[in-house]
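Trainee: I would like to learn how the words used for a structure are backed up. Could we go through one together?

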Amino acid sequence: MTAHPRPPVIDWATDFDHTDPQWVADPYPIWDELRRACPVARSERYGGTWLPVRHRDVAAVAYDTEHFTSRSVVVSEVRPGPDDMPAPIGVAPPITSDPPFHALARRLLLPAFSPKAIAALEPLTRDLCRELLAATDGKTEFDAAVEYAQHIPLRVIIGMLGFPQEDADIFRRFIQMILEDVGASAAHRQEQMERGEIDEYIDARITEHLAQPRDDLTTFLLEAELDGNKLAPEHVRGTMVLLMIAGIDTTWSAIGASLWHLAQHSEDRKLLASKPEVMATAMEEFLRAYAPVTMARLVAKDFEFDGCPMKEGDWLLLPFPAANRDPEVFDGADDVRLDRADNRHSAFGLGIHRCLGSNLARMELRVALEEWMACYPDFELVDPSLVTWSAGQVRGPRQIPVRILTKAG
Amino acid sequence: MEVHVDRERCQGHNRCYALAPELFDVDDLGNAFELNDGLVMAGLEEKARLAVANCPEYAISIKE
């Protein structure tokens, strides 16, 4: 499902669509215009959707778990139905959970993603990056997204879950289905989900792990207890879907967008090549300026937000990438300054749903960029028009053909 | 100078721990707390300021 079935957007304040080709290609001017004219936009698409774009409004929604539910966080034609796991658990805990259950489900996972736990994965991630770069040796042109960025988070999370590395292609297809085909018709989407492929795949891995427990996240989830009880099977399955989906194309987007920026800015390449310590602020600036993830909420009950009459069941897109470009919070918000010292960006969200994998994502992004720059300090885009961007709530370049100008000795 | 982490606001972004490990640590869940009762030793004032200015949740404060 790649064809775009929807009419083009004419007025962004009253008819926005995050799968519209103009938004996919370059959403920043759209958000700038809305920030000035109408800070909370409304669209009748997807059955009714709201869009705040100022930092303060995005933060207010993220902190308000009373009027907004996380029961579904991906806007599409299909809202959660009577057969889906209801709030406060939701289909993929804890991202789809609300208080008070949310804190319990999240607490269970936090230790596995703490900075200290993630630091242990750095050597393996570095080896993986070197291996991918070695495979490009001798090429003067190749695709930095397809041959490098996309493999890094994918292989790390497959390893953490204890799934077979050769299943990488299966994972990529699932991600496409859940996150990128959101413009599909309700019938098509329903049919995709009902085919049950993802559940079948996960059930097979669960069966293997039950037969033979291992030291990985899958066995950890199967043995974990909440209030003295093992997790419900649908909780285990939902969390595994979350870890598979949320940990991959998000970070691959962040790595890709950073390389895409560097490929077009020789002064920034020179800075990082001559002063590798600038990476600490540079990676945060890439995360701010090119934050990949827009979240979503459903309105939990009728209420007025910023003068907008929100109705129970309305969607609300929560664009952290737009909050990160708000000039009220960031000086020169549209400038990318690799040495920006004060950077309160919200690329990983705000409030209780702060990205569980943020420490993992940051480690992967830093290591991926460090290893790339150490190998290829100078490179450029083959042709900017060949770069393609993903559609949906995770934004990143999916094809970045680059030409290598200098390979390190 | 003293730094303080509001544990209610902290969501575990870990910016303070990354920027100023001399002043902050994180627990098993990744949530931050100040070291040495928050006391900022001489020479670490700029790091304390950076920790405040990089907390997405506005969870860190400084008392002069």
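Mentor: Start where the chains meet: the contact takes 19 residues from chain A and 15 residues from chain B. By class, the chain A side that touches chain B has eight nonpolar, seven polar and four charged residues.

Trainee: What makes two residues count as in contact?

Mentor: Their C-beta atoms, placed from the backbone, must lie within 7 Å. As for the classes, Ala, Val, Leu, Ile, Met, Phe, Trp, Tyr, Cys and Pro count as nonpolar, Asp, Glu, Lys and Arg as charged, and the others, Gly among them, as polar.

Trainee: What should I know about the model and its numbering?

Mentor: This is a predicted model: local features need pLDDT of at least 70, side-chain atom pairs count only at pLDDT 80 or more, and totals for chains, interfaces and linings use all residues. Residues are numbered from 1 along each chain as its sequence is written, while chains are lettered from A and ligands numbered from 1 in the order in which they are written.

Trainee: How many helices and strands are there in chain A?

Mentor: Chain A has 19 helices and 14 strands. Both are DSSP runs, numbered from the N terminus: helices are H or I with at least four residues, strands are E with at least two.

Trainee: Why is A:Tyr46 called buried?

Mentor: A residue is buried if 20 or more other C-beta atoms lie within 10 Å of its own, exposed if 12 or fewer, and partly exposed in between; C-beta atoms are placed from the backbone. A:Tyr46 has 22 such neighbours, so it counts as buried. Its phi is near 60°, a positive value in a residue other than glycine. A:Tyr46 sits in the loop between strands S1 (40-43) and S2 (49-52) of chain A.

Trainee: Why does B:Asn14 count as buried?

Mentor: B:Asn14 has 23 C-beta neighbours inside 10 Å, so it counts as buried. B:Asn14 also has a positive phi, about 70°, although it is not a glycine.

Trainee: What puts the buried residues of H7(A) on the same side?

Mentor: The buried ones are A:Thr125, A:Leu128, A:Cys129 and A:Leu132. They cover an arc of only 100° around the axis, so they lie on the same side of H7(A). The arc is that of the directions from the helix axis to the C-beta atoms. An α-helix has 3.6 residues a turn, so residues three or four places apart point the same way.

Trainee: What do the two faces of H7(A) show?

Mentor: The buried residues pack against helices H8 (145-149), H9 (151-161) and H19 (358-375) of chain A. The face turned away carries exposed A:Pro123, A:Asp127, A:Glu131 and A:Ala134.
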